[in-house]
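The sequence and the structure come before the entries.

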Amino acid sequence: MAEARGFSLLERFELKYHIPVEWADKIGAFIAPYCEEDYYSKITPGGFYWITNLYLDTPSWTFLGWKKKQLLDRFNMRIRTYGEHPAQDGTFHFEVKRKIKSICYKSRATIKGINPGEVWHMTPDEWPCKGEKDRKYLKDFLYKTELHGAHPRLLTQYKRRAWFGLREEYSRVTIDTGMRFREENGFDYTVDPHYMQSTGIPRFFLPGCDAVLELKCPCSQVPYWMIDLIRFLNLKQGGFSKFGNAAAEWQRIYENPRRFKTPYWTKLGTTLEENL
């Protein structure tokens with residue numbers, strides 16, 4: 001259990017349900033015998049803390065296209081940090097989330113103390129990683145950006161309340177709400193709420209719902225209490241893509257999208273190959 005919290009690679013099922021955010025306390029009470037609340041939920045008033053993700057894709061939205069076509073083997077890429085107003089040189093997690101049929105595989109490389117865009121101008125030995133696994137997955141992340149021509153596209157945010165299972169090697173319950181985004185073509189994590197567009201709007205949810213409940217666990221170890229929770233709330237499985245919905249809103253708002261600025265990418269092609 002404890003080992004999975006600081007993961008570098010996870011293999012898991014992810015089940016998603018649309019719920020009213022008001023159910024959060026009821027869900028927390030139901031799973032209390034089997035879970036403990038996430039550290040950040042514990043220290044945040046109300047239990048919901050901010051997550052900020054910078055999603056990468058190609059100029060033609062290749063990764064998003066894979067998802068729309070429901071390819072049986074696909075992935076997306078993001079650089080995650082925490083807080084509503086993240087530090088530009090804080091802690092960042094480079095994540096590749098791959099889905100093969102119904103199984104999700106998530107790799108993560110963590111750096112600290114620099115803006116994530118700087119890693120493209122450094123050698124692997126200079127990366128401020130926690131360990132060699134982080135260095136390995138960061139190298140893979142950069143390789144994929146070069147291979148596909150991916151670059152920053154959208155900065156997304158949402159508020160999360162989360163729990164970890166106490167008895168399994170890995171199990172997790174999350175409730176996400178308040179989804180919003182803005183366009184971002186570099187590595188600027190500055191957030192001004194006035195310039196954030198909502199994706200937590202009714203057309204992305206089932207009627208009466210404004211949050212997404214996710215149940216996550218290993219493929220071979222679905223906890224019985226998760227099944228009981230599904231029955232207790234009479235949940236019906238549904239999908240919700242934070243990146244996909246943000247991209248859909250981006251396309252709706254910008255009928256004639258402006259050409260993408262490339263503040264970091266002018267140098268990537270010449271520096272990446274020699275650094276890897």
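Entry 1, basis. I worked with a predicted model, in which local features need pLDDT of at least 70, side-chain atom pairs count only at pLDDT 80 or more, and totals for chains, interfaces and linings use all residues. Residues are numbered from 1 along each chain as its sequence is written, and side-chain values use heavy atoms, with hydrogens and water left out.

I looked up the salt bridges (a side-chain nitrogen of Lys or Arg within 4 Å of a carboxyl oxygen of Asp or Glu). The structure holds 19 of them.

E37 lies in strand β2 and R161 in strand β7, so the pair ties together parts 124 residues apart in sequence. Strands are DSSP E runs of at least two residues, numbered from the N terminus. For accessibility I took buried as under 20% relative accessible area, exposed as over 50% and partly exposed as in between, with a 1.4 Å probe and protein chains only. E37 is partly exposed at 22%, whereas R161 is buried at 11%.

I noted a salt bridge between D176 and R160, with 2.7 Å between the closest N and O atoms. D176 belongs to strand β8 and R160 to strand β7, so the pair ties together parts 16 residues apart in sequence. D176 is buried at 0%, and R160 is buried at 4%. I also recorded a network of salt bridges that links R160, D176, E214, K216 and K242.

Notes:
Helix = DSSP H or I, 4+ residues; strand = E, 2+ residues; numbered from the N terminus.
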